[in-house]
Amino acid sequence: MTFVTPGAVRVATLVLAGLLVVSSGAFALGPSPGDQLRPVPFDRTLSTGMTYVDVNRAETENFHIPRAEVYFSQYRFVVGYYGVETAAGELAAPETTTSFGDPLAVFVSDFSTVSPVLTAGGYLTTERGRAVGWTRAADASFVVGSDARAPSRPIAVPFGDRADAATFAAEYGGRVVDWETLQRTAENPLDRRRARFEARVVDGNAWADGVAADGRALLDRPTAVVVGEDAPTLAAAIEQAPPNTTVRLPPGTYAATNLTIGKPLTLVGAGNETVVRGDGTDSVLELRHPRVAVSSLRIEGVGPNGTQRRPHGNLTQADWSQVVQFAYGQGDAGVVMHRANGSVVHDVTIDTPASGVIVRSSDRAAVVDSRIRGSDDPREGFMGVVLMQSRALVHGSTFVGGRDAVYTHRADGFVVRDNHMRGERYGVHFMYTSRGLVANNTIRDTRAGIIIMTRPVENVVVGNDVRDSGYGVIPVGGDSYYARNVLADNDHGISVSGHRSVYEGNVIADNGVGVRASTLFPTNWVVGNDIVDNDQQIETGRGPLRTWSRGDEGNYWGPLPIPDADGDGVLDRPYRPTGPVDGALRDQPAAWTVSRAPSAVALRAAGTDVSGLRSAGVVDRSPRASPATPDQLANATREAGA
């Protein structure tokens, strides 16, 4: 047993008392300066809201997304919002005030200062290209439900003059509301979001089940041609077979380089004994018609070209999407699907130095129960599956090596589930993709298991198991759901970033750093997670105090020497894992004695409740006395110790 001397306690108490005095002078706020505040150039704000695609297109195509700027009493930066309804929802949420303090001033774009018109696509432009001015939100009128939109969603349009708002609504539809009404209708409480996200899990899996069933139905087409019996070559068999029939390949090796299937046809082999081999210069099979199936064979001899192809001519900044499409969607692959809606690659093994399967503009396409092996060095390989502008399914497949197991580009609504991934740079890599479902995948030995980039929205990442990687999950974006994942034995478990997302029911154990709190906008809901036995539980950057609890819902931080006197399952005081005292409670017995000193209690109360005394870090106001997911945690730690 380690004893703490009375002298040590007195010294620690004096230090903490001094900190309380210094803090109360250094961070005290004066009278509200709200009446004197003015809008700032938007590029000087810390901006959030909307996806990167929306913002980039608005800038390059010269249309407007209404904006808002907010000064908060307990936040040193001006927060900028793309989308005034985003700002209204944020300001209506109680966790925003908890994290940032009261809004001192709120400004919104004033389209009364210009002559707004809508393009055929519903995008806001101005007749003379003048800059849009600002008005206080409380004085503005907002047109909601009109034809105005950003690329990803409808938008509210603010006006400083109500008559101008009424004129706009008369021409483009919608109704006129005030700021208070907009806040009330835009608010999206997190408990309601939880139900919405869980419904999306159910709906996404139901959609995936339907896609998989449609793909399996293609395997039951009648056999029309057997290669070697009814036709001399695979190419001849494909040419000869009537639509909606099967071409069967007995065991053997069949030559095919950039061989195109341009009608609804099923190609079936005899498992690994059937090899379709390219000459190493190009893609092997191209599916260029809806409802094509390739099943039960091995593909070899894929060309080496992963990223070298580029579009011809001089590209402008507006062609950014074309650049990505060529760089990531036009390389060599074992199978290329192009405008092949409802097609399926089933039970296929692909050895490739480039991509395994490229899916371009092919909705309800699927890669199912297949095996894709890429380069041993991720820097030399490419993607297992590329989903390019396709709502598609990747299910039950195994990926080993290569750059990314699954890469998405504007593949909104895709589903990647029940796969095994090992040895890639990234397991699942989102780019410009929203409303995806990544569920129940097992990922090992990657630089990052799941990485979400370019500020997408409404993604759902549930039930995945990521270990032995640099990062478990790196999410960037908003309004998304990260639940029931196991992130163990990684350098970093998960980042809490983006805004207004839900992180719950995750096991984050035995990592170098458990959670990295990287967002400057602490509007995320982090509850019901088991965050235990990480070398460093929490790593924080700049920003205000993050509150990771809601009501009586908090997180489990491992066994702590804090009592639960009433037995309600919640420890008797808040826990601050990033604090100098609480952060040492797990490992330093003296910290428990110091934490009970009167000055430490006062400093804790001030640091979590008093305006102006909050500093960067994390506090859990309702820490759990026992694990939130005991079975999941036991399984995770059991495997870690094996």
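**Close-up views of a predicted model**

**View 1. Gly-303 lies in the loop that joins strand 20 (293-300) to helix 9 (320-329).** The model shown here and in the following views is predicted. Gly-303 has a relative accessibility of 0% and is therefore classed as buried, the cut-off for this class being under 20%. Beyond its neighbours within four places in sequence, Gly-303 makes contact with Gly-280, Thr-281, Asp-282, Asp-332, Pro-353 and Ala-354. The C-alpha atoms of Gly-303 and Gly-334 are separated by 8.4 Å in space, while the two residues stand 31 residues apart in sequence.

**View 2. Helix 3 (residues 84-92) is largely enclosed by the rest of the structure, because eight of its nine residues are buried.** The buried residues of helix 3 are Val-84, Glu-85, Thr-86, Ala-87, Ala-88, Gly-89, Glu-90 and Leu-91.

**View 3. Asn-244 occupies the loop between helix 8 (234-240) and strand 14 (245-248).** Although Asn-244 is a residue other than glycine, its phi is positive, with a value near 60 degrees. The relative accessible area of Asn-244 is 45%, so this residue is partly exposed.

**View 4. Arg-410 is located in the loop between strand 29 (404-409) and strand 30 (415-417).** Arg-410, which is not a glycine, adopts a positive phi of about 50 degrees. With a relative accessibility of 28%, Arg-410 counts as partly exposed, a class that lies between the limits of 20% for buried and 50% for exposed residues.

Conventions
Residues numbered from 1 in each chain as written. Predicted model: local features only at pLDDT ≥ 70, side-chain atom pairs only at ≥ 80, totals over all residues. Heavy atoms only, no water. Buried < 20%, exposed > 50% of the residue type's maximum accessible area, 1.4 Å probe, protein only. Helix = DSSP H or I, 4+ residues; strand = E, 2+ residues; numbered from the N terminus. Contact = heavy atoms within 4.5 Å.
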